[in-house]
Structures are given as structure tokens and as C-alpha cells.
Amino acid sequence: MATVSQSTFNQQLKRYYSIYTGGFVGFIIVLGIAEQMGLSNRWIGYCFLFATILLYAVIGITSRTAEVSEYYVAGRRVPAFFNGMATGADWMSAASFIGMAGTLYLSGFDGLAFVMGWTGGYVLVALFLAPYLRKFGQFTIPDFLGARYGGNIVRSIGVVSAIVCSFVYVVAQIYGVGLITSRFTGLEFGVGVFVGLAGILVCSFLGGMKAVTWTQVAQYIILIVAYMIPVVWLSAKHTGNPIPQIAYGQALQKVTEREKQLTADPKEKEVRDILKARADAATAGLKDPNKAYTEGRAAAEKRVADLKASQAPADQIGAAETALAAYPKDVEAAKNQWNKDKGLAARAAPPRPHAEPFPGKDEAARNTARLNFLGIVFCMMIGTAALPHILMRYYTTPSVRDARLSVGWSLFFIFLLYFTAPALAVLAKYDVYHFLVGSKFAELPAWAANWARVDPALLSITDLNKDGIVQLAEIVLGGDIIVLATPEIAGLPYVISGLVAAGGLAAALSTADGLLLTIANALSHDLYYKMINPNAPTKARLAVAKGLLLVVAIVAAYVTSLKPGDILFLVGAAFSLAASSFFPALVLGVFWKRATKWGAISGMLAGLGVCVYYMVMTYPFFRTMFNITVPIADVQWFGMNPISAGVFGVPVGFAAIVIVSLLTPAPEKEVQDLVDHVRYPVLAGDIDTRAT
Amino acid sequence: MQLTEKHREYWNKNLTITAILLAIWFVVTFVEGWYARELNQFTFLGFPFGFYMSAQGSLIVYVVLIWFYALYMNKMDRVYDVHEGEDD
């Protein structure tokens with residue numbers, strides 16, 4: 001392939017991927033027919049799982065390479081359009097594919113912070129980074145920091161930051177792979193993680209960036225098809241219009257009306273009161289557990305005795321005896337129960353108005369909610385423009401011109417999913433509010449009955465007021481169910497559910513590939529080749545790169561199998577960390593010639609330091625870990641949540657670079673030449689920084 | 001490596017367009033976000049306008065901004081003769 005011209009290569013790619021897309025659609029149709037002929041759901045799950053992983057393996061193996069620049073940057077010949085698709089798959093993780101619509105369902109307007117943040121960040125990538133990094137033309141992000149600021153200190157900080165951000169993120173992806181595999185095939189979570197690991201390694205091991213790129217394009221096609229089909233169907237079903245992004249305005253109006261009805265509905269109020277009473281009793285019980293426990297038990301015993309003494313009907317006595325038997329065995333058990341019940345207070349509130357921004361009980365609460373919304377938007381955007389696994393994709397285009405266009409394609413392909421997710425959330429809510437709420441417990445909609453049985457963590461419905469009818473406040477719903485159950489809600493055959501699982505798997509695998517490669521490359525290229533053994537021959541470099549990839553993958557899978565908690569928080573944290581450490585140094589490196597080595601060092605460390613400090617002080621998990629007892633309110637700045645720590649880290653990083661740069665001597669002429677070099681796509685008498 | 005007047009002009013144009021696009025980005029992101037509550041009083045295509053902007057409107061603007069920048073700068077590359085060959 002190395003000999004064909006770029007335009008022939010483009011033509012070939014288009015032909016291959018058109019055939020591939022057609023083949024994939026054919027595969028879905030064949031499975032659909034097989035389902036009608038009696039293929040079981042479990043086998044449909046297996047077919048999707050193994051067919052897609054086999055496909056990735058074939059692409060991965062045919063893309064094997066022994067060339068360094070193919071391994072690290074796909075030979076720099078990925079056309080803008082395809083790099084856009086690959087970036088889309090690289091970017092959209094299990095959290096975007098499965099979690100996003102659920103988050104929007106549960107938090108309404110406030111969830112849109114992620115939709116805006118994870119798309120608007122590409123404007124910063126386009127304006128500040130992509131074309132300049134492409135002109136610089138090396139292999140990794142620490143490469144740029146090392147060349148621009150000189151010396152190994154900046155490069156090392158870059159390596160450490162890249163590894164920390166990417167590792168946290170990759171664990172979440174492998175976790176997602178394990179979940180999807182186990183849910184749709186019935187394999188155990190641990191086995192699922194192992195299958196996922198195999199799926200990741202077959203893509204990247206032999207061909208590095210080259211193989212990852214071409215599998216990511218294939219994965220993007222699967223994930224976007226899988227996301228769109230059920231939503232389009234659901235939209236046609238509920239609104240008569242198959243374009244969900246336009247049609248859901250109508251559905252949103254109906255949801256808003258229904259919210260008002262449900263808020264005023266007496267039966268709903270009854271359920272909310274029951275929940276509130278339980279939560280209040282729990283709070284009271286926790287104040288003096290021993291006393292409350294003894295009194296509670298005595299009351300339950302007395303009730304049984306009283307009923308028996310007054311010769312009450314047998315069913316009343318039976319109910320009282322059941323209540324007594326269900327009473328916690330000891331004070332510890334009672335405390336656990338009460339701690340759980342305390343959380344019911346959240347469910348005792350009327351439904352949250354979906355379209356209302358920053359709801360809150362008073363003006364101050366609303367203002368804090370608004371600041372936090374904008375804080376998340378800010379951190380997700382800057383983080384997007386600082387995550388190494390995304391930025392390094394712009395090294396792979398043939399030219400600066402293509403790098404610019406490629407950001408356009410990237411955001412376009414990402415946009416397709418992100419502007420559909422809010423529509424899916426509203427359409428699903430429409431369905432739940434109109435058809436699930438008000439149905440009889442004896443005849444629940446099939447999808448609800450099915451999911452409540454399979455996975456109570458995703459859906460559980462309890463008849464709290466014993467009227468036999470489902471009230472909204474009786475439904476507890478886990479966000480992930482929105483995407484997973486949409487095919488069933490829309491009344492589509494199981495083959496589409498299998499397709500959605502394959503899409504989620506593609507999203508998780510593609511992101512994990514990009515991240516693992518980033519980590520392994522930071523170690524093999526920046527640490528081994530640039531710092532330890534600059535004379536290493538090509539063969540040794542590739543051997544080290546592949547060996548490290550394997551090690552990193554196994555470590556990541558091992559950490560995942562321990563099921564660390566707080567994964568979602570850690571992913572959000574990765575954005576704040578990346579934003580605080582990389583963004584100021586990268587942007588000033590291109591736009592301010594005066595930025596010096598010590599400026600960059602202090603900026604990266606200060607940004608990172610402030611960010612980490614704020615998270616440790618305000619995030620419950622770290623507070624317990626480091627035994628911090630100061631009340632959260634005292635250490636919070638402007639009521640900002642820990643996930644948005646980058647709001648403080650980024651400005652501090654910029655300020656530190658500027659101040660320290662001005663205090664240290666201006667960079668040498670060579671560095672200034674380098675800056676000019678990256679600013680102009682072509683320059684007469686230019687230096688050449690492309691790595692080989 | 002000698003920068004000519006023309007080169008400086010190219011870079012200044014780049015800075016200007018970057019600043020303009022960044023300002024638009026700022027408005028549709030943070031100004032819009034700040035006033036989302038107030039904007040929701042208007043209706044657009046059946047949506048409360050603040051909600052519409054955060055869910056779709058701003059996203060569309062982002063896509064347009066990036067494409068505009070790419071096409072504009074690719075043209076500037078040619079005008080100022082700093083463009084790459086067809087088949088780098």
C-alpha cells in the first residue's frame with residue numbers, strides 16, 4: 001500500500017468501507033431472519049460479540065506493520081474524513097454510548113453540560129492545537145512539550161500526566177466491556193473483561209496506530225448505526241416523525257404537561273408521602289439508634305399482641321407478624337436499613353422538570369447549580385482539548401490542511417450521536433410517563449417486566465401504596481437502561497438489542513484502544529527511546545512498544561477486575577486533570593514565543609497541584625482516604641463540585657506559565673524558530689521536525 | 001528561516017479569525033448557558049429556547065465554526081503562499 005498515491009488510497013478506502021457497511025447491514029438482516037426462525041437471544045448475543053471481535057481481529061492483523069511511523073501515526077496518510085470517523089470512535093466511550101442518554105433522562109437540562117462540553121471542546125482543538133501539532137509532526141504529545149520547552153523535565157511531567165489521565169479512563173472502558181459482554185451473553189463479568197482485553201489487543205498489538213485507526217473507523221460505523229436505528233423507530237412510533245432530533249420538541253411539551261399532572265396527582269402524593277415518612281423515620285432512628293431500635297421492636301411486638309388479644313381478622317394478624325419478622329435483627333442491621341432509607345428522601349420529591357435549567361429550592365441554590373453547570377462545561381471542553389489520545393490522532397493526517405478538515409469531520413461524526421442523545425432521553429421519558437406510569441402491576445409493559453426481572457439495579461418497581469397501579473414515584477430506574485432497553489420499548493426484535501450491545505462494545509473497545517496506545521507510547525517512545533536509549537534500532541523500538549502495550553493492557557484489566565468504585569467520578573476527574581496540566585502549556589507553546597521551559601514546568605505542576613488539592617479536599621472518597629475532617633462547605637470555592645476542579649487548575653496553570661516565563665530569560669532562537677515552524681504550513685528554508 | 005511581511009500578515013489574520021470564532025464560541029457556550037433560564041421563556045421549533053440551544057443549537061454552531069475555520073485557513077494558505085503540495 002505504501003506505493004499508491006494518496007488519492008488512489010482514498011478511493012480504495014471508500015470502496016472497502018462501503019462494502020464493509022453493506023456487509024454489516026446484510027449480517028444484521030440474516031440474524032433478523034434467523035431470529036424469526038427461532039434462534040435464541042443468547043445465540044444472537046454470541047453472534048454479535050464474536051462476529052464483531054473477529055472482524056476487528058481481521059482488520060488488526062492485516063494492518064500489522066514493522067515501520068515505526070506506521071506504528072505510531074498510521075504512516076501519516078489517514079484522510080480527513082476517515083480520521084474524523086476514527087476520532088469519533090476514539091472519543092465516544094461506553095459512557096457516551098450507553099450512559100449519556102440515561103444521564104439526560106435522570107438530570108434533564110443539567111445533564112446537557114456534558115453534551116455541550118464534549119462537543120464544544122473540538123472548537124478549541126481546531127483553533128489552538130490540531131493544525132500546529134500536525135505541522136510539528138512527531139509521535140506523542142510529550143514530544144511536542146519536550147521539543148518546545150526543551151529538556152526532559154517537561155517531557156517527564158507530560159508522560160506522567162498522560163499516563164494518569166489515560167489509565168483512569170481505560171479502566172472505565174474495560175469495565176464497560178465486561179458489563180456489556182456479561183449482560184448480553186450471560187458470561188461472567190471477569191470472563192467478559194478477559195474477552196474485552198482480547199478484543200482490544202487484537203486491534204492494536206500488531207499494527208499500533210495504523211491498525212487502531214482502521215478498526216476505529218469500522219467501530220464508528222457499527223456504533224452509529226446501532227445508536228440511530230432504535231431512536232428513529234421510537235420517534236416514528238411516538239411522534240409519527242422519523243427524525244427524532246426535530247420531532248422531540250413535541251414530545252418534550254407533552255412530557256412537561258405530564259410532569260405537572262404527576263406533581264399534582266393525589267395517588268402520586270400518597271406514594272411520595274410514604275417515602276418521606278420512611279426517610280424521616282430513618283433520620284430519627286439514626287439520631288439514637290439503640291433507643292429507636294428497642295422502641296421500634298417493642299411497638300411491632302405490641303401490635304401483634306394487641307391484634308391477637310382483640311381477636312382481629314387473621315389477615316391483619318398475619319400482616320403484623322410479617323412486619324415483626326421483617327424487623328431488623330439487631331441495632332447494626334437497623335442502622336444499615338435506616339442509612340438506606342434516608343436516601344428515599346430524594347424520591348419523595350415531585351418529578352424534576354425536564355427542560356428547566358438549574359432547578360433549586362431558592363435563588364442561592366439555583367445560582368450554585370448554574371455555576372456548577374458552567375464549571376462542568378468548561379472542564380469538559382478544556383479537557384477534550386487536552387486529552388492526549390485525541391490530540392495524537394491529528395498527527396496521522398497527510399497535511400495541515402487535512403488536519404483542519406479532519407477536526408470538522410470529527411465533530412460532525414461526534415455531533416451525530418450527541419445531538420441524538422437528548423432526543424432519546426425525552427422520547428424514553430415520554431414512554432415511561434405515559435405508558436409505564438398508570439399501568440397495572442399485573443400487566444406491566446413487556447420491556448419493563450422483563451428488565452425488572454433481569455436486573456433490579458436498572459429497573460425496580462414496587463407497589464408502595466398497594467393500589468395495584470404504577471405511580472412514577474414507585475419506579476427506580478438506572479440510567480443505563482435507557483439505551484439498553486430502547487429497542488424493546490420501541491417494539492423492535494431482539495436482533496436490534498444485540499446490535500445495540502455490539503455498538504456499546506465498539507464504543508468501549510475503540511476508546512480503550514486509543515488510550516492503551518497512548519499509555520504504551522508514552523512509555524516506549526518518550527521514556528525508552530527519547531530518554532533512555534536514543535540509539536535503539538527500529539526493531540527494538542517496536543518490540544518494546546508492543547511488549548509495553550501488552551503489559552499495560554494486562555495491568556488495566558487486572559485493576560478493572562477488582563471493580564474499583566467511583567469509576568464515573570474518576571473519568572470526569574481525568575478531564576479536569578488533563579485540562580489543568582496540558583492545556584495551558586500546549587496553547588502558550590504555540591501562541592506565545594516568550595513562554596519558557598521553567599514557565600511550562602511551573603504551570604503544569606501548579607495547575608495539576610491545584611486541581612488535585614481541590615479534589616482531595618472536596619471529594620468524599622479522597623476525604624475518607626486522607627482522613628480530612630474539615631467540613632466540605634469550608635473548603636469549597638464558590639460551591640464548585642470536585643469534578644470541576646479544572647475551573648481553578650486551568651487559570652492557575654496559565655498564570656504560573658506567564659509569570660514564571662517573564663521572570664526567566666526568553667527562549668533561544670532555535671525555540672522561536674520552532675514556534676514559527678509550527679505556525680506556517682510551509683515556510684521557505686524551514687526546519688524539519690517530523691519524527692521517524 | 002526568514003519571516004516576511006506577508007508571513008506576519010498571515011499570522012495576524014489567523015489570530016483575528018481565531019479571536020472572532022472564539023468569541024462566538026464563548027457566547028453560545030457561556031453567555032447562553034448563564035441565561036438559559038431566561039431564554040427558556042421563548043419557544044423555538046416547539047422547544048423552550050434555552051433547552052434547544054444547549055441540546056442542539058450550540059452544537060450546530062460548533063460544527064459550523066470548525067468548518068468555517070478549516071475552509072478559511074485552507075484558503076489563506078493559498079493566498080499567502082504557505083500551502084502544502086497536493087500529495088504531501
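Which are the buried residues of H12(A)? The legends below get there in Figure 1, after a word on conventions. This is a predicted model, where local features need pLDDT of at least 70, side-chain atom pairs count only at pLDDT 80 or more, and totals for chains, interfaces and linings use all residues. Residues are numbered from 1 along each chain as its sequence is written, while chains are lettered from A and ligands numbered from 1 in the order in which they are written.

**Figure 1. Helix H12 of chain A and its buried side.** The buried residues here are Glu268(A), Val271(A), Arg272(A), Leu275(A), Arg278(A), Ala282(A) and Gly285(A). They sit on the same side of H12(A), because they cover an arc of only 150 degrees around the axis (the arc is that of the directions from the helix axis to the C-beta atoms). A residue is called buried if 20 or more other C-beta atoms lie within 10 Å of its own, exposed if 12 or fewer, and partly exposed in between, with C-beta atoms placed from the backbone. Helices (H or I, at least four residues) and strands (E, at least two) are DSSP runs, numbered from the N terminus. Over on the other side of H12(A), Pro266(A), Ala284(A) and Lys287(A) are exposed. The cover over the buried residues includes helices H11 (244-264), H13 (289-309), H15 (331-342) and H16 (344-347) of chain A. As for length, the 22 residues of H12(A), 266-287, should span 32 Å at 1.5 Å a residue, and the end C-alpha atoms are 31 Å apart, which agrees. The expected span is 1.5 Å times one less than the number of residues.

**Figure 2. Helix H9 of chain A and what it packs against.** H9(A) covers residues 189-204, and its 16 residues should span 22 Å at 1.5 Å a residue; with end C-alpha atoms 23 Å apart, that agrees. Its buried residues include Gly192(A), Val193(A), Gly196(A), Leu197(A), Ile200(A) and Ser204(A). The buried residues of H9(A) pack against H2, H8, H10 (208-239), H23 (494-532) and H24 of chain A. Contact throughout these legends means that two residues have C-beta atoms, placed from the backbone, within 7 Å.

**Figure 3. Where H2 and H8 of chain A cross.** The axes of H2(A), residues 41-62, and H8(A), residues 152-185, come within 8 Å and cross at roughly 145 degrees. Those axes are lines fitted to C-alpha atoms, for helices over the stretch in contact, and the angles run from 0 to 180 degrees between N-to-C directions. From H2(A), Arg42(A), Gly45(A), Tyr46(A) and Leu49(A) meet Thr181(A), Phe184(A) and Thr185(A) of H8(A). This contact divides into three nonpolar, three polar and one charged residue.

Figure 4. Ala74(A) lies in the loop between H3 (68-73) and H4 (80-91), and its phi is near 55 degrees, positive in a residue other than glycine. Ala74(A) counts as buried because it has 26 C-beta neighbours inside 10 Å. Arg76(A) is also found in the loop between H3 and H4, with phi near 50 degrees, again positive in a non-glycine residue. With 19 C-beta neighbours inside 10 Å, Arg76(A) counts as partly exposed.

**Figure 5. Leu436(A) and its neighbours.** Leu436(A) is in helix H20 (residues 421-436) of chain A. It is partly exposed, with 19 other C-beta atoms within 10 Å. Leaving out residues up to four places away in sequence, Leu436(A) touches Asp431(A), Pro445(A), Ala448(A), Val470(A) and Ile475(A). Ile469(A) is 33 residues from Leu436(A) in sequence and 9.6 Å away in space, C-alpha to C-alpha.

**Figure 6. The side of chain B that touches chain A.** The contact takes 42 residues from chain B and 48 residues from chain A. On the chain B side, helix H1 (5-34), helix H2 (36-39), strand S2 (47-48) and helix H3 (49-79) each supply at least two residues. H3(B) gives the largest share of that side, 17 residues. The residues on the chain B side divide into 24 nonpolar, 13 polar and five charged.

Definitions and conventions. Nonpolar A, V, L, I, M, F, W, Y, C, P; charged D, E, K, R; others polar.
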